[in-house]
Amino acid sequence: MYYELELEGHVRVPPKDFGEADLKKIILKGLNEKFENFISKDLGIAIAVSDVKEIGEGTIIPGDGASYYRTRFTLLVFRPEIHEIALGEITEITDFGVFFNMGAIDGMIHLSQTMDDFVTTSKAGVLTGKESKKMLKSGDRCRARIIAVSYKELNNPKIGLTMRQPGLGSLTALKEEKEKTKSHDEKKK
């Protein structure tokens, strides 16, 4: 889930930027550089600093020459949560599963969790259900549920997902299924 967090911290402004007219712009740039590739088990995966709310007085630390500003700012983060439904796109199909891009991070759907059917993978990278004949391929937009989140390697969190529940799977297949059910219901009337 995406969150907007209001945080406070110090931002270093190097002497080369002292002549710049827009301090807020400099601090926003510095914060975005600081939070680039930032991942925290508590905060989540940093997307961007969206706003600088308040800038305090600058303090110059002897021996450094830079000015440090106490700043209050808004950070946009993605924090994957167990049981959360995620929309995304299949980026790769392998022999063991499907890599699923949720925007901020990729997750993995084990082969056994892709559909309620025995599945086979082709050399072309297409997953096919034996009985249902449903197919999944790279580029398919899908809906999946987060079933595992691990921060064992902090710089490379692992997200496990499933598409083996009602309402999950390829959006195209779900739409076709809904239309088929709708036309079947209309025939009954």
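## Close-up views of a predicted model

**View 1. Strands β9 and β10, side by side.** Strand β9, made of residues 126-129, pairs with β10 in the antiparallel sense, and three bridges hold the count for this pair. This is a predicted model, as are all the views that follow. Pick out T128 and look across: its bridge partner in β10 is M135.

**View 2. S170 and the residues around it.** S170 sits in strand β13, a stretch covering residues 169-170. Is S170 buried or exposed? Its relative accessibility is 8%, so S170 counts as buried, the cut-off for that label being under 20%. Leaving aside residues up to four places away in sequence, S170 touches L136, D140, R141 and C142.

View 3. The largest nonpolar core has 24 residues, and the members touching the most others are F100, M102, I109, L127, L136, L161 and M163. Which elements give two or more residues to this core? They are β5, β6 (97-101), β11 (141-150) and β12 (158-162). Another core lies apart from it, with 15 residues that include L7, V11, I26 and V49.

**View 4. The four-strand sheet.** Now for the other open sheet: four strands in the order β1-β4-β3-β2, with antiparallel pairing. The edge strands are β1 and β2 (39-40), and each of them pairs on one side only. Helix α1, residues 23-34, packs on this sheet and touches β1, β3 and β4. The direction of α1 makes about 135 degrees with that of β3.

**View 5. Strand β4 and its two partners.** On one side, β4 (residues 67-78) runs antiparallel to β1 (residues 2-13), and 12 bridges join the two. To get your bearings, find E4 and then L76, its bridge partner in β4. β4 is also joined to β3 (residues 44-60), again antiparallel, by 11 bridges. Here A46 stands opposite V77 in β4. How many residues lie between β3 and β4 in their hairpin? There are six, and G63 in the turn has a positive phi of about 90 degrees.

View 6. Strands β2 and β3 pair in the antiparallel sense over two bridges. A handy landmark is I39, which stands opposite I45 in β3.

**View 7. Two loop residues with positive phi.** N37 has a phi near 60 degrees, a positive value in a residue other than glycine, and it is found in the loop between α1 and β2. With 68% relative accessibility, N37 counts as exposed, since that label calls for over 50%. H83 is not a glycine either, yet its phi is positive, at about 80 degrees. Where is H83 placed? H83 is in the loop between β4 and β5 (85-93). H83 is exposed too, with a relative accessible area of 57%.

**View 8. Stepping back to the whole chain.** Along the principal axes, the C-alpha trace spans about 75 × 40 × 25 Å. Of the 189 residues, 35% count as buried. The accessible surface comes to about 12,000 Å², and 52% of it belongs to carbon and sulfur atoms. Among contacts with a separation of 6 or more, 58% are between residues 24 or more positions apart.

Terms used
Residues are numbered from 1 along each chain as its sequence is written. This is a predicted model: local features need pLDDT of at least 70, side-chain atom pairs count only at pLDDT 80 or more; totals for chains, interfaces and linings use all residues. Side-chain values use heavy atoms; hydrogens and water are left out. Two strands pair if DSSP finds at least two bridges between them. Contact means heavy atoms within 4.5 Å. Axes are lines fitted to C-alpha atoms, for helices over the stretch in contact, and angles run from 0 to 180 degrees between N-to-C directions. Buried means under 20% relative accessible area, exposed over 50%, partly exposed in between (1.4 Å probe, protein chains only). Accessible areas come from the Shrake-Rupley method with a 1.4 Å probe; for residues, only the protein chains shown count as cover. A nonpolar core is a set of buried Ala, Val, Leu, Ile, Met, Phe, Trp, Tyr and Cys residues joined through side-chain atoms within 4.5 Å.
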